[in-house]
Each structure stands twice: as structure tokens, then as C-alpha cells.
Amino acid sequence: MINKITFLLILSMIISCSDKKENINNQSTSKENVQIDTLSSINKINTLSHTNETDTLSNNNDNSEVGYNIMENESIGKLKYGLSLLEVIELYGKPSEETKSVLWSGDGEYHQTIKYIDDGIELDVIGDPGTQKKINMITITNPSELKTLKNIGIGSDYINVKNAYKDQISTDFSNDKSIVVGSIYGGLIFTLKNNKVESIFIGSAAE
């Protein structure tokens with residue numbers, strides 16, 4: 001009788017231990033599944049993040065090429081990038097002010113500033129002393145009445161500038177005080193005051 005009772009107790013203990021072990025295994029499996037699910041979610045997030053970053057980079061338009069084309073083809077009146085200093089003098093006569101040629105270390109070119117104050121024109125011309133010089137940058141301010149190819153001049157409205165150059169404006173560098181058409185590395189820059197164009201620049205504002 002005792003042996004039978006002892007046997008039943010041992011059997012009961014074995015079954016109990018087996019159930020506990022199964023529960024532990026189930027809990028372990030459950031934890032592993034949670035960890036796998038968590039890692040899977042993290043990987044998905046990382047993948048999406050990387051994909052979004054790649055898309056953002058690929059959609060980030062570089063306006064440099066557009067800017068160079070604008071710089072070379074745009075004009076303000078008859079003034080344009082690359083026009084020779086002799087041609088400028090034929091148009092406007094002798095400059096009212098001019099500086100000496102100075103070598104810039106940034107581009108290795110000799111630069112000279114030419115001003116026609118009564119016409120609101122300031123030009124940066126480049127070329128070695130004694131050689132043919134040409135326009136490198138153009139800036140016009142009041143009282144200039146010159147216009148761009150899209151009929152924008154001093155005093156033009158902010159909205160008119162945006163409408164005229166809407167497909168070529170650099171959103172990275174433009175705001176309510178200046179509109180960059182193309183790029184700061186080459187193109188058009190309209191400086192504004194009270195929503196009106198105060199100055200117009202053609203050239204490269206940065207290297």
C-alpha cells in the first residue's frame with residue numbers, strides 16, 4: 001500500500017515537473033518570438049528610414065547647371081556675362097569709378113570693379129592687366145531702368161519675380177528678402193526690400 005502511494009506521489013511530481021518545464025519552454029519561445037518581432041520591426045524602420053533618406057537625396061535638385069545656363073544667357077539691358085569691357089565702354093562711355101586690378105587667390109583671376117553711378121551699374125570685370133577684360137559679375141541698383149529678359153527690373157514686385165522665374169528658383173537659398181534663380185554658384189539674385197526688387201545680380205556669389 002505504501003509503495004503504491006509512494007509511486008503515485010513520484011508520478012505526480014514527474015508530471016508536475018514536466019508541465020513546469022513545458023511552461024518555461026513556452027515562455028522562452030514566446031520571448032524569442034517577441035525579440036524576433038522587435039528586431040524585425042527595427043529592421044523595417046531602418047530600411048524605411050534609409051529608403052526615405054535615399055529618396056530625399058535623389059529628389060534634392062541641384063540647380064548649379066541651371067544657374068550656369070542662366071548666368072551665361074541672361075542679360076540686364078544689353079549687359080551680360082562675358083561681354084567685353086570695350087563693348088561696355090561703347091554702350092556707356094568711360095566709367096565714373098574704377099578700381100585697380102587685383103589678383104584674387106580664390107579663382108586666380110585679376111578682378112577690377114567698374115561703376116556707372118548715374119546709371120546704377122556696378123561691374124566686376126576679369127582679365128590680366130594689358131589684356132582684353134570681360135564682365136564677370138553685374139549688379140544694378142536704383143536709378144537703373146534696365147530689365148532682365150523676363151522684364152524684371154528695380155522696383156518689380158516680389159510676386160512678379162516668383163512668377164517669372166518660378167521653375168528656376170532655388171528654395172534652399174531664397175526667402176522674402178532675396179530670390180536666388182539657379183544657384184548661388186551661378187545665376188540671378190534679386191535682393192528685395194518691402195517686397196520690391198532693390199538690386200539685381202548676375203554671376204557667381206560663392207565658389
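Biologist: How do you know that strand β6 and strand β7 pair?

Modeller: This is a predicted model, and in it β6 (residues 121-126) and β7 (residues 134-141) are joined in the antiparallel sense over six bridges. Two strands pair if there are at least two bridges between them, so six bridges meet that requirement.

Biologist: What makes β7 and strand β10 a pair?

Modeller: Four bridges join β7 to β10 (residues 196-203), and the two run antiparallel; the requirement is at least two bridges, so this is a pair as well. Here Ile140 stands opposite Ile200 in β10.

Biologist: Which residues have the most contacts inside the largest nonpolar core?

Modeller: They are Leu79, Leu123 and Phe190, in a core of 28 residues. Among the elements that give two or more residues to this core are α2 (64-73), α3 (85-92), β6, β7 and β10. Apart from it lies another core, of five residues, including Met137 and Val180.

Biologist: Why is Phe190 called buried?

Modeller: Its relative accessible area is 0%, and buried means under 20%, so Phe190 is buried. Not counting residues up to four places away in sequence, Phe190 touches Thr148, Ile152, Tyr165 and Val197, among others.

Biologist: How many aromatic pairs are found in the whole structure?

Modeller: The search finds two. In one of them, the ring centres of Tyr92 and Tyr116 are 5.5 Å apart and their planes are at 45°.

Biologist: Are Tyr92 and Tyr116 buried, exposed or partly exposed?

Modeller: Tyr92 has 25% relative accessibility, which lies between 20% and 50%, so it counts as partly exposed, whereas Tyr116, at 3%, falls under 20% and therefore counts as buried.

Biologist: What makes Tyr165 and Phe190 a tilted pair?

Modeller: Their centres are 5.5 Å apart and their planes at 40°, an angle between 30 and 60 degrees, so this pair is tilted. Tyr165 is in the loop between α4 (158-164) and β8, and Phe190 is in strand β9, 25 residues apart. Tyr165 has a relative accessible area of 2%, which is under 20%, so Tyr165 is buried.

Terms used: Residues are numbered from 1 along each chain as its sequence is written. This is a predicted model: local features need pLDDT of at least 70, side-chain atom pairs count only at pLDDT 80 or more; totals for chains, interfaces and linings use all residues. Side-chain values use heavy atoms; hydrogens and water are left out. A nonpolar core is a set of buried Ala, Val, Leu, Ile, Met, Phe, Trp, Tyr and Cys residues joined through side-chain atoms within 4.5 Å. Buried means under 20% relative accessible area, exposed over 50%, partly exposed in between (1.4 Å probe, protein chains only). Contact means heavy atoms within 4.5 Å. Rings of Phe, Tyr and Trp (its six-membered ring) pair if their centres lie within 6.5 Å; planes under 30 degrees apart count as stacked, over 60 as edge-to-face and the rest as tilted.
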